[in-house]
Amino acid sequence: MEVDAGGAVERARSGDSDAFRLLVEQHSRAIFRLAFRMTGNEQDAEDVVQETFLRAYKQLDRYEARSSFSTWLFRIASNYSLDLIRMRKRHEDKRQRSTEEDHDILQSIPLDTPGPDRLVYGTQVQDRVNAALNELSPQERTAFVLRHFEGLSIEEIGASLGTGTNATKHSIFRAVQKLRRSLEPVVGHAK
Amino acid sequence: MNHVSEEQLVLLYYGESAEAQTIDRHLAECEACRSEFRALKLVLNTVDSAPVPERGAEYGQAVWKRIEKKLGARRKSSSFRHWWIWAPAMTALLVTAFLAGRFIRPAGPDLAKNQQIRERILLVAVGDHLERSQMVLAELSNAPGGQGKLDISDERQMAQELLDDNRLYRQTAHSTGDTTVANVLDDLERVLIEIAHSPTQVSSDQLEDLQKQIESKGLLFKVRVLGSKVRQQEIAPAPQKENKKL
């Protein structure tokens with residue numbers, strides 16, 4: 001449950017920087033987790049955290065208490081992450097890396113379990129999960145992360161990203177389909 | 001009921017199905033759909049194993065320290081929505097006003113105050129200019145080398161837009177005798193020209209040349225330091241008596 005320490009949001013809106021500091025301290029870790037899951041990169045996640053709070057501060061006047069403050073921050077963070085991963089993808093596309101090459105990278109992670117060493121196996125599964133998440137389009141990854149990890153409803157995600165409920169639903173469906181295609185051969189070994 | 005689709009199972013998994021009871025009843029009777037749902041849950045539960053680097057309890061304080069100094073500048077410029085649309089015109093206007101103010105000196109007690117106001121307005125514009133320049137330089141510096149061509153059309157276009165502003169700021173810094181700022185803007189201008197005149201698609205060698213130019217002058221670092229100083233001056237209270245250079 002979200003705790004608004006002594007009306008920190010209201011005080012921050014009226015220009016109290018100590019109140020805004022409380023909000024930064026309260027929400028930073030959650031924003032970092034979201035940003036890392038969306039970007040898959042620690043440095044990018046740090047950039048997202050910083051930019052999210054700078055943008056939030058700048059736009060405090062626009063915050064309406066209809067949604068919780070954390071949902072509002074998630075919206076800012078996810079939109080900025082989306083821009084960031086789109087920019088990264090654009091650079092990758094421009095570099096004319098073929099999807100076959102990406103597929104090769106995915107396939108190069110071995111499927112065979114190395115005997116009884118569960119730790120190594122676990123790492124391989126994690127690598128596969130990361131690779132599979134990287135295969136998603138920015139829109140699919142954003143919608144999926146917000147639904148799967150952050151527990152936002154499809155309607156909330158559609159409103160946050162400005163994509164509408166139906167398009168968000170289809171982004172999540174496509175994400176799940178891709179993840180199943182990539183991961184079922186691996187988790188099959190775990191059964 | 002027909003077999004349950006994958007979409008229906010996804011909505012059921014996330015608790016967003018409007019027909020949950022009907023699907024549950026079907027799953028109780030249909031081994032094929034139950035098996036499909038098990039496979040889906042296994043994959044989605046596996047996704048949870050993707051690790052996230054830990055951040056300790058002090059992380060929030062560290063984030064605050066990083067952003068604290070930047071907040072003042074951001075709030076001040078918050079009313080300048082879509083500023084980039086009219087930034088070039090504003091820049092020309094500001095610099096013209098600034099230079100006019102320096103050479104056509106009005107009489108009266110408000111002279112120093114007017115001068116301070118002009119200089120602080122100019123600081124905001126220069127701060128934004130350096131921030132945008134830094135983005136272009138950082139994008140190119142961090143662009144991965146490798147095989148194939150890299151499309152730098154966005155950076156090229158931005159460099160073209162930044163060039164006119166940069167010339168005005170450099171000339172202003174020269175005319176006010178601020179040689180440190182003028183030298184950094186001079187170096188920046190040379191690199192912006194190179195970027196603006198590069199092809200939209202650059203080879204690895206061409207990219208490497210651009211990166212070397214940025215690195216050899218320590219330009220990114222200089223622009224960051226200058227931008228940071230400018231931002232600090234923006235936040236700092238206006239001096240009462242002495243005029244400050246950029």
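At what angle do helix H2 (residues 17-39) of chain A and helix H7 (residues 138-148) of chain A pack, and how far apart are their axes?

Reply: The model is predicted, so local features need pLDDT of at least 70 and side-chain atom pairs pLDDT 80 or more, while totals for chains, interfaces and linings use all residues. Residues are numbered from 1 along each chain as written, with chains lettered from A and ligands numbered from 1 in written order.

Helix H2 of chain A packs against helix H7 of chain A at an angle of about 145°, and the two axes are 9 Å apart. Axes are lines fitted to C-alpha atoms over the stretch in contact, with angles from 0 to 180 degrees between N-to-C directions. H2(A) passes H7(A) in a right-handed crossing (near helix turned clockwise from the far one by less than a right angle). On the side of H2(A), the contact is made by A:Leu34, A:Arg37 and A:Met38, and H7(A) answers with A:Arg141, A:Thr142 and A:Val145. Contact requires C-beta atoms, placed from the backbone, within 7 Å. By residue class, this contact holds three nonpolar, one polar and two charged residues.

Chain A has nine helices and zero strands, helices being DSSP runs (H or I) of at least four residues and strands (E) of at least two. Of the 191 residues in chain A, 34% are buried (20 or more other C-beta atoms within 10 Å). Among the contacts in chain A with a separation of 6 or more, 64% are between residues 24 or more positions apart.

Chain A also meets chain B, in a contact that takes 39 residues from chain A and 35 residues from chain B. On the side of chain B, helix H1 (6-13), helix H3 (31-47), helix H4 (59-76) and strand S1 (150-151) each supply at least two residues. H4(B) gives the most to this side, with 11 residues. The residues of chain B that take part divide into 19 nonpolar, seven polar and nine charged.

One of these contributors, H3(B), can be checked for its span. Within H3(B), B:Cys33, B:Phe37, B:Val43, B:Thr46 and B:Val47 are buried.

Chain B itself has 10 helices and two strands, and buried residues make up 26% of its 246 residues. Of its contacts between residues at least 6 apart in sequence, 73% join residues at least 24 apart.

Helix H8 (residues 179-196) and helix H9 (residues 204-216) of chain B pack at an angle of about 170°, with axes 10 Å apart. H8(B) and H9(B) are therefore roughly antiparallel (over 145 degrees). In this pair, B:Val191, B:Glu194 and B:Ile195 of H8(B) meet B:Leu210, B:Gln213 and B:Ile214 of H9(B). That contact comprises four nonpolar residues, one polar and one charged.

B:Leu220 is buried, because 20 other C-beta atoms lie within 10 Å. Leaving aside residues up to four places away in sequence, B:Leu220 touches B:Gln134, B:Leu137, B:Ala138, B:Ser141 and B:Ile214. The C-alpha atoms of B:Leu220 and B:Gln134 are separated by 6.5 Å, although these residues stand 86 residues apart along the chain.

Definitions and conventions
Two residues are in contact if their C-beta atoms, placed from the backbone, lie within 7 Å. Ala, Val, Leu, Ile, Met, Phe, Trp, Tyr, Cys and Pro count as nonpolar, Asp, Glu, Lys and Arg as charged, and the others, Gly among them, as polar. A residue is buried if 20 or more other C-beta atoms lie within 10 Å of its own, exposed if 12 or fewer, and partly exposed in between; C-beta atoms are placed from the backbone. Angles under 35 degrees count as roughly parallel, over 145 as roughly antiparallel, 65 to 115 as roughly perpendicular and the rest as oblique.
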